[in-house]
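Me: Please show me the structure, so that we may go through it by question and answer.

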Amino acid sequence: MAMLLGASVLILWLQPDCEVNSQQKNDDQQVKQNSPSLSVQEGRISILNCDYTNSMFDYFLWYKKYPAEGPTFLISISSIKDKNEDGRFTVFLNKSAKHLSLHIVPSQPGDSAVYFCAASAQCSPGTCSPYSNLLWGLRLGDT
């Protein structure tokens with residue numbers, strides 16, 4: 001008896017060159033995602049990468065966005081940690097390399113979306129909040 005095996009292909013889309021800046025437009029305060037798209041088989045690991053240039057950033061977030069919907073928060077990590085897990089999502093932070101990555105295990109068809117990484121810096125009391133910088137700079141492109 002012959003058996004037919006198939007593989008589902010899952011495509012996770014990243015917004016190309018998505019940046020999150022603080023309120024000032026400054027190259028020292030950028031967060032950039034490394035690759036514009038990722039294609040992964042269902043059930044395998046998906047790894048999405050993000051680099052930042054400002055060592056003052058101390059809080060990092062990942063968002064997921066489906067077409068015609070707003071972004072949904074997935075997971076975050078503080079600079080005092082190097083790993084944070086929540087269900088199928090794990091975020092790793094390498095402060096010396098100014099790099100963070102989101103690992104999704106196992107990948108599922110519903111994971112196909114646009115993903116955003118974001119960062120913020122704590123400010124002195126009364127000057128700003130962790131989220132004000134994030135909300136100012138999050139640019140959403142057409143999906």
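Me: Which residues make the nonpolar surface patch of about 230 Å²?
Reply: This is a predicted model, in which local features need pLDDT of at least 70, side-chain atom pairs count only at pLDDT 80 or more, and totals for chains, interfaces and linings use all residues. Residues are numbered from 1 along each chain as its sequence is written, and side-chain values use heavy atoms, with hydrogens and water left out. The nonpolar patch is made by Ile45, Ile47 and Val105.

Me: Is Ile45 buried, partly exposed or exposed?
Reply: Ile45 lies in the loop between β3 (37–41) and β4 (46–52). Buried means under 20% relative accessible area and exposed over 50%, with partly exposed in between (1.4 Å probe, protein chains only). Ile45 has 43% relative accessibility, and therefore counts as partly exposed.

Me: How many residues of strand β10 are buried?
Reply: On one side of β10, Val114, Phe116, Ala118 and Ser120 are buried, and on the other Tyr115, Cys117 and Ala119. For β10 (residues 114–120), the number of buried residues is 7 of 7.

Me: Which residue in β10 is the bridge partner of Lys64?
Reply: Strand β5 (residues 59–65) pairs with β10 in the antiparallel sense over 7 bridges. Two strands pair if DSSP finds at least two bridges between them; strands (E, at least two residues) and helices (H or I, at least four) are DSSP runs, numbered from the N terminus. The bridge partner of Lys64 is Tyr115.

Definitions and conventions:
Patch = residues over 30% accessible without salt bridge, like charges linked within 9 Å, V, L, I, M, F, W, Y side chains within 5 Å. Areas by Shrake-Rupley, 256 points an atom, 1.4 Å probe, with all protein chains shown as cover. Salt bridge = Lys/Arg side-chain N within 4 Å of Asp/Glu carboxyl O.
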